[in-house]
Amino acid sequence: MAARFGLGSSSAADLLTVVSTPSQDLALTNFAYCAPADLSKFASPGSSDIYALIGDSIVLTLRYPSICPNTAHQNIPSSHVALNAIQRRHIRVSSGDQISVSRFVTPDNFNLALLRLDLDFVKGKTNRTEQLDAVVLAQKIQEKFVNQVMTTGQKVSFEFCGTNYIFTVNQALLEGQDDAKGLDRGIISTGTYFVFEASPNSGIKIINQREAVGSKIFREKEFDLKKLGIGGLDTEFIEVFRRAFASRVFPPHVVNKLGMKHVKGMLLYGPPGTGKTLMARQIGKLLNGREPKIVNGPEVLSKYVGESEKNIRDLFADAEQEQSTKGEQSDLHVIIFDEIDAICKSRGSTRDGTGVHDGIVNQLLTKIDGVQSLNNVLLIGMTNRKDLLDEALLRPGRLEVHVEINLPDENGRFQILQIHTSKMKENSFLAADVNLQQLAARTKNYSGAELEGVVRSAVSYALNRQISFDDLTKPLDEESIKVTMDDFLNALHEVGPAFGASMDDLERRRLNGIIDCGERHKRIQERALLLVEQIKDNQSPLVTYLLEGPSGSGKTAMAATIGIESDFPYVKIISAESMIGLGEASKCAQIVKVFEDAYKSQLSFIILDDIERLLEYVPVGPRFSNLILQTLLLFLKRLPPKGKSLMVIGTTSVMDFLETVGIFGAFSISDHVPNLDREDVKKVKGISVSRFGVLKQLDVFCENELDYAVEEVNEISIKKLYMLVEMAAVGPKGKSAKAIQSGQEKIDLNFFSSILRDICKNHVFSSF
């Protein structure tokens, strides 16, 4: 673990006496010097350079003066170490003091990607001004100090163009580093690049800093998204790079010749949990600019007048000051706005009387693209509600790059599952039967956050097996912890996708199951399934299908069955019962949300159940909601986005009304779902044998009484037939409804007939 955090490893320390470096030219090498006998004690096998931890603060390269080229200096006594004045001052020792020196073994992946150095004259403040070319200076420092270890806070003296300077290491970042905190040292390599800084009153001016950086705006030579914890977003990341960073890879003079400006802002939008915030944070870490400022939208708001606008100005203050002093040499400042819709709503949409949101939007627009706009800022906004943002914020020159971070496809889900199970696999906690590819196939419409939740849930099942509730203090056996495939399958039942299929709602629409109701019903169902296949084959992006017929004829149950058998990742039901108590506007908003969510899935299925009830139809008048009608008409004719397909099935019992208001014509296909007639009750597939009838399938009558039961009913809806059977199942005394439902007993035919006669006589049901 120490090697991972750049600490290296060290041997037992020796106490050596500190002496001054023999000469000025050796002092400018930044080496520490000692006698040959002492040098051999700190050598590491297989390494040509000898590194030593001096005290507990810095790591220096050890040398013996006689092995340095073109030198003939006095020898260093045994048990002594020679340090220059800058080194002694940093370690806080004087000549004659003793200090601990131990062998330092460099860990793997110890090369520095970036060194941020603060420059000054060795003699401190002077009246002269020096202009230093960052390109030449970087080459000189790299040649002089290559293979030396640099530590954050360390001060090093060097000579450049006849003048002695001193630099302080402000930041040291390793290649592949993913956490700027805790990593504080590394080795200068040929791939290390340098960012130079100097205080305004130091007398040092840095030029060509951006040319020195060149194409190294990113810390990595290549991007490994899995290493960054980003899965399934390869295409989106490439688009972000092309639009927002391609121009920043080249030096400023190239960009000036092209006559173009850098992109100043981008917007990442999409469903919750798809990785927008994660992607923005990792982009900030990949850049070699300043540490990104991450702001949650609501944090900007303040109850005091003008304070919210001031908070916006403060975010840009550093970038504004640096651009005024350094111009094109300024570093890139990244500002990340999470939930930007909380503060940048369309101006005029918030009627709270304060105008706070309008003021924030105006202030933000001024800073991004105002009269004194900044060119060293990249603003990254994230939102789930792009539609709420002010249009002026989204135009080119502001948040002009819009990247939709959508639900991952199967390959993306596989990558995400690999990322979240990598550690348990590495530590042998993942059972051999776990098939991540199969899990990826079964998790349609799961977001990245929901997949992470599935993994957590699966781990909880594995850990729960190791806990004894009889004795919670019982020691746990870590070696026996295994996360199995069954744990993941259980987790899938526990953690469902927000944009998934409403299986519970679908099953509620067919509580009595599905039975064969005759050739007419079967043809309708087969035709609907053909339309489903048409959608799957991408032959049609939008198919609308209307099932009309008498109330209780089984339209809703048939639509729910088609939705289940379609196996689409997104299946939702829009019904009046889910909108009880809502006003027109709220109902429309709910309908809009279901359709908008459907457009985020590749294959979607929506059921508009009892359309006349959705429209608040009342035959007296007649009266209905025109607002809801126009909303439904819009979505029934609106094509889904490119690459997405949608099937809509509507049900109605008032066909004449739908024709009158024009919604019937919005459906591409319609079918009449009739009530069951005597033949449907009696036979199936044209076979005139009672055992194949609907009542036979219900298995509630004795074989010799089945034909008589069929003769008792005329044309009847399947829903009412179920009601009659359920009422008769209660039966006279001695009968048990549960026993009849289980097939242990049968319905008494005389009791069934009496109920039927009573119902018809008292008009409990409408005409059969």
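Student: What is the bridge partner of L114 in β14?
Tutor: Y193 is the partner of L114. This is a predicted model: local features need pLDDT of at least 70, side-chain atom pairs count only at pLDDT 80 or more, and totals for chains, interfaces and linings use all residues. Residues are numbered from 1 along each chain as its sequence is written, and side-chain values use heavy atoms, leaving out hydrogens and water.

Student: How many bridges join β8 to β14?
Tutor: Five, and the two strands run parallel. Strands pair if DSSP finds at least two bridges between them. Strands (E, at least two residues) and helices (H or I, at least four) are DSSP runs, numbered from the N terminus.

Student: What's the strand order in that sheet?
Tutor: β11-β12-β8-β14, an open sheet with mixed pairing. β11 and β14 stand at the edges with a single partner strand each, so one side of each has no neighbour in the sheet.

Student: Which helix packs on the sheet?
Tutor: Helix α4, residues 134–145. α4 touches β8, β11, β12 and β14 (contact means heavy atoms within 4.5 Å).

Student: New topic: α19. Which of its residues are buried?
Tutor: K587, C588, I591, V594, F595, D597 and A598. Buried means under 20% relative accessible area, with a 1.4 Å probe and protein chains only.

Student: What do they pack against?
Tutor: The buried residues of α19 pack against β22, β23, α21 and β24.

Student: And the five-strand sheet, what's its order?
Tutor: β17-β18-β19-β16-β20, with parallel pairing. Its edge strands are β17 and β20.

Conventions. Buried < 20%, exposed > 50% of the residue type's maximum accessible area, 1.4 Å probe, protein only. Axes fitted to C-alpha atoms, helices over the stretch in contact; angles between N-to-C directions.
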